[in-house]
Amino acid sequence: MELFSFSNGAAKGRDENARNEQAEAPKSTGGWKWASFLLVNQGLATLAFFGASVNLVLFLTRVLGHDNATAANSVSKWTGTVYLCSLIGAFLSDSYWGRYLTCTVFQLIFMLGLTLLSVTSSVYLIKPEGCGDEDMMCMAPSSAGVALFYLSIYLIALGYGGYQPTIATFGADQFDEKNPKEIKSKEAFFSYFYFALNAGSLLSNSILVYYEDSGQWTLGFFVSTGSAVIALVFFWIGTRGYRHVKPCGNPLPRIAQVFVAATRKMKVLPTKEGDLYELEGSESAIKGSRKIRHSCEFAFLDKAATITEDDLRHLRNPWRLCTVTQVEEAKCVLKMLPVWLCTIMYSVVFTQTASLFVEQGDVMRSKFGKFHVPAASMSAFDICSVLICTGLYRRILVPLAGRLSSNPRGLTELQRMGVGLIIGMFAMVAAGATETLRLKYIEPGRKSSSLSIFWQTPQYILVGVSEVFMYVGQLEFFNGQAPDGIKSFGSSLCMASISLGNFVSSLLVVMVTAITTRGTEPGWIPQDLNKGHIDRFYFLLAALTAFDFAIYLFFAKWYKCINLEADNKGAVKIGPEEQVVDQV
């Protein structure tokens, strides 16, 4: 019976841990030298993406002639699609292609979309030349031009979305978790990754947006295309030095097997932890994945690893009997989902920076001396606050929080995400207060209020600070808590949160518009914002975020971190300790 050893399976073979031949790589590969190429690639790719997307809401209103609500909804749906595509990239990366090939393929799709957008806007949409600025509207576009435009931006969505979670995970792969120094480097990598992302978006928001706002849309799109090309070149330059982790196979059947096996044994009582089925030795049933120790949550799934007489007659049938590691992989997904769902409301807040914030700024006084400040360029305050706060966090807040909490890592990932939610709520309060004040400075017969656009600065800064806590915390949390076989999926959950946040934002806009637009009432978000009340919409988002935070606290306290087996050391917990959220 050696082929199918059951006795004390979960208690044996726990003194070794290996990622097997998949993670084994020469010592000359990986590390900061090669991860730096990925950071440069990320910065340039982000410059390209935001060069095409940051002013998209104004492109839709000025060039394609959409009204404000339609344009805001279209941008929300498109942005949602961008990050929803991250699940596609993560699946292909974890299951079949590996990180390197996935990054290459999706970057090529990204370049194709940007090239098509540049050519389409030049040939079909920007007519007459120079139109689409604040003063001159463009001619009605042809149906062919509109079709090509939407094809191009959704190719951009597929390419950039599929590439994002994979490049983040690929960068983390460059650091060996068996080396204590590289573990710290891996934690720092996510902060630098988000820093690179925002450095790239700063250039697009401060330079490209200015040219696009003045009607030079095609120039901005072609520069974005060039940036994407250079990003791919930098990615390829580091090819020989990257550390690779091979794909672990399709996780969907593995997870489905757990639920099917547990369902088949609904009437079977779960056995003791030490009697649950697990392979002996260091090798996991999931090739390339470390073993995961048993946890008490979702105990009904333990039935999938409970050995019965029928299991003895069906030798090694994973649809009847699963290993503890396989069961725990399914449990990890279930445990992360409630925390992930609570982050979606924050993404609703975040998406306002690319839609309603821009529309709000477009009806404020945008002159600074003789210089015109494009509404979309105000997001530079958001980006700068991210860049500054990232440095301050690692240099000041982490050591200070470490001394106060006796945690050398400072705030845990769950605590940071909670802080991000609170600051995001205050950002919406600030945005609502600014809009309330803007409405008081409306001048009859004029589109723009006399209130300066720089009154938007606090709301952008607060969003930026909240991003550092929320999104960097998310990247670390979901990547760290995801089992080895679904690391890219873990990173994609952060992107998917942004995706659903955009869809929820779009749904809220539609619902609020339908409810508040009655009879002669223009509603909260009309075409003419001077007749509306988007301040009330902002306050509504603040209230919803406060409610979401209360739910988040419950699930953050409930969450128990993944418990991996470590080399000759029994087990290692990765992530927040059980009690850390008490201080949020």
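Select E476 and R416 to begin: E476 is buried, and R416 is buried as well, where buried means under 20% relative accessible area, exposed over 50%, and partly exposed in between, with a 1.4 Å probe and protein chains only. These two side chains form a salt bridge whose closest N and O atoms are 3.0 Å apart, a salt bridge being a side-chain nitrogen of Lys or Arg within 4 Å of a carboxyl oxygen of Asp or Glu. The pair links distant parts of the chain, since E476 belongs to helix 14 and R416 to helix 13 (residues 413–440), 60 residues apart; helices (H or I, at least four residues) and strands (E, at least two) are DSSP runs, numbered from the N terminus.

The model is predicted, so that local features need pLDDT of at least 70 and side-chain atom pairs count only at pLDDT 80 or more, while totals for chains, interfaces and linings use all residues. Residues are numbered from 1 along each chain as its sequence is written, and side-chain values use heavy atoms, with hydrogens and water left out.

Stay in helix 13 and select R438 and E435, which lie three residues apart, about one turn of the helix, and whose side chains meet in a salt bridge (2.9 Å, N to O). R438 counts as buried because its relative accessibility is 0%, and E435 is buried with a relative accessible area of 0%.

Next, select K335 and E297, a salt bridge with its closest N and O atoms 3.9 Å apart. K335 lies in helix 10 and E297 in the loop between helix 8 (251–264) and helix 9 (309–313), so the pair ties together parts that are 38 residues apart in sequence. Both K335 and E297 are buried.

Now show F49, F50, Y83, F350 and T353, which lie nearest the centre of the largest cavity among its 32 lining residues. On a 1 Å grid over the protein atoms alone, a cavity is a set of points where a 1.4 Å probe fits but cannot get out, and lining residues have an atom within 4 Å of a point. About 470 Å³ of space lies in this cavity, a volume being the space filled by probe spheres set on the points, which are joined across faces, edges and corners. Helix 6 gives the most to the lining, with six residues.

Finally, colour helix 2 (residues 32–53), which also supplies at least two residues of that lining. Of its 22 residues, 17 are buried, leaving helix 2 mostly covered.

How values were computed. 1 Å grid on protein atoms, 1.4 Å probe; cavity = no way out; pocket = protein on both sides within 12 Å on 5 of 7 lines; lining within 4 Å.
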